[in-house]
Amino acid sequence: MRRIYTPDGQEMPIGSFPAARALQGEEVVSQELRVVFPNHEERWVIMGAAPIRLATGEIFGAVTVFTDITFLHEARDRERRYLYTLAHNLRVPASLIKNNLDWLLELLPSSEVIAPHQNILDALRRALNRMSTMVDYFTIVSRLEAGEVTLHSRPVTLASFMQVFLQHAGALIEQERLHIDLPADLPQVQADPHYLEPVLLSLLDNAQKFSEPRTPIQIASRRQDHEVVISVTDQGIGIAPEDQAHIFERFYRVGKARTAEGTGLGLDLVKRLVEARGGRIWVESKVGKGSTFSLTLPIAGSQLTS
């Protein structure tokens, strides 16, 4: 009488149900499922199952464990709607402020009027850029939660991509600090440039915030089997070992990072976008020495056969 679905909406055949698999000798750990009852009520569960064996090894039965996580899904849905509403409501005033600031600057008669107040104008631009970035993060996160993000991957030459990326990043990145190491024989990667840009922007933004001004930041890449590894390395404050396990959690901010500008959303979004293409991301860090964030991208299909 109940219908069982996987998180991506596929109905589960009875033979694939964890209990049925356990009766065949398989152990199932933490499978997330959506259960629809005859009255159309829905519940989300985490389910595990394992076979029960006699001393002879014969399967006697199975034990299953259910944990109701419906309240977690409802909380995630509320959070997604909140982020979407927040992004929508912030985008309009941010655009209005930016357009009016540009208009006012055009009206000023000469650079002599602007020069004494250049520091104020620079601060306004940085604040507006940060607000725009935050709105973009909120929008992408809410769309990811709703399953509305479709990645349009294609073969990408990283050297060419980096040139375009740095042009788009503009004043958001202290480009004089960057040291870029892209081997000439690096193969093309399979990626969606539209979403690869916010990934790199977030990593570089963190590297800038948590390292001393004018210290170098390195972007390096290398081939590793059927992947390309891209790394962003700074010489900053580093991340304590106890924080590294949580650094990619949403809204998690480590010690000194709590006093820095930011939302705590960046690395969560980076992880989601990287993993959406089957990639991985991790951090290596020593307190007081700096951090290296590395991510993988699959080599473009045309390269795999070469």
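A residue is called buried when its relative accessible area is under 20%, exposed when over 50%, and partly exposed in between, using a 1.4 Å probe and protein chains only. Keep that in mind for helix α8, where G266, L267, D268, L269, V270, L273 and V274 are buried. Helices here are DSSP runs of H or I with at least four residues, strands are runs of E with at least two, and both are numbered from the N terminus.

A word on what you are looking at. This is a predicted model, in which local features need pLDDT of at least 70 and side-chain atom pairs count only at pLDDT 80 or more, while totals for chains, interfaces and linings use all residues. Residues are numbered from 1 along each chain as its sequence is written, and side-chain values use heavy atoms, with hydrogens and water left out.

Let us start with the whole chain. Its secondary structure comes to nine helices and 11 strands. The radius of gyration, taken over C-alpha atoms, is 24 Å, well over the 19 Å that the globule rule (2.2 Å times the number of residues to the power 0.38) gives for 306 residues, so the chain is more spread out than a compact globule. Along its principal axes, the C-alpha trace spans about 90 × 50 × 40 Å. Of the 306 residues, 39% count as buried. The chain exposes about 18,000 Å², with carbon and sulfur atoms supplying 54% of that area, as computed by the Shrake-Rupley method with a 1.4 Å probe.

Contacts, meaning heavy atoms within 4.5 Å, tell us how the chain meets itself. Among those between residues at least 6 apart in sequence, 63% join residues at least 24 apart. Tyrosine Y137 gives a local view: this residue sits in helix α4, residues 118-145, and counts as buried because its relative accessibility is 10%. Leaving aside residues up to four places away in sequence, Y137 touches P198, L201, S202, G266 and L269. Two of these names, G266 and L269, are among the buried residues of α8. By contrast, Y137 and E106 are 31 residues apart in sequence and 30 Å apart in space, C-alpha to C-alpha.

Now for the aromatic rings. Rings of Phe, Tyr and Trp (its six-membered ring) pair if their centres lie within 6.5 Å; planes under 30 degrees apart count as stacked, over 60 as edge-to-face and the rest as tilted. By this rule there are two aromatic pairs. F161 and F165 are stacked, at 6.0 Å centre to centre with 15° between the planes. Both belong to helix α5 (residues 158-169), four residues apart, which is about one turn of the helix. F161 counts as buried at 6% relative accessibility, and F165 does too at 2%.

The pair of F248 and F293 is edge-to-face, with 6.1 Å between centres and 90° between the planes. This pair links distant parts of the chain: F248 is in the loop between α7 (241-244) and α8 (266-276), F293 is in strand β11 (residues 290-298), and they are 45 residues apart. F248 is buried, at 13% relative accessibility, and F293 is buried at 7%.

Finally, look at some backbone angles. S30, in strand β2 (residues 28-36), has a positive phi of about 50° although it is not a glycine. H40, in the loop between β2 and β3 (42-53), also has a positive phi, near 75°. H40 is exposed, because its relative accessible area is 66%. Following α8 comes G278, with a positive phi near 80°.
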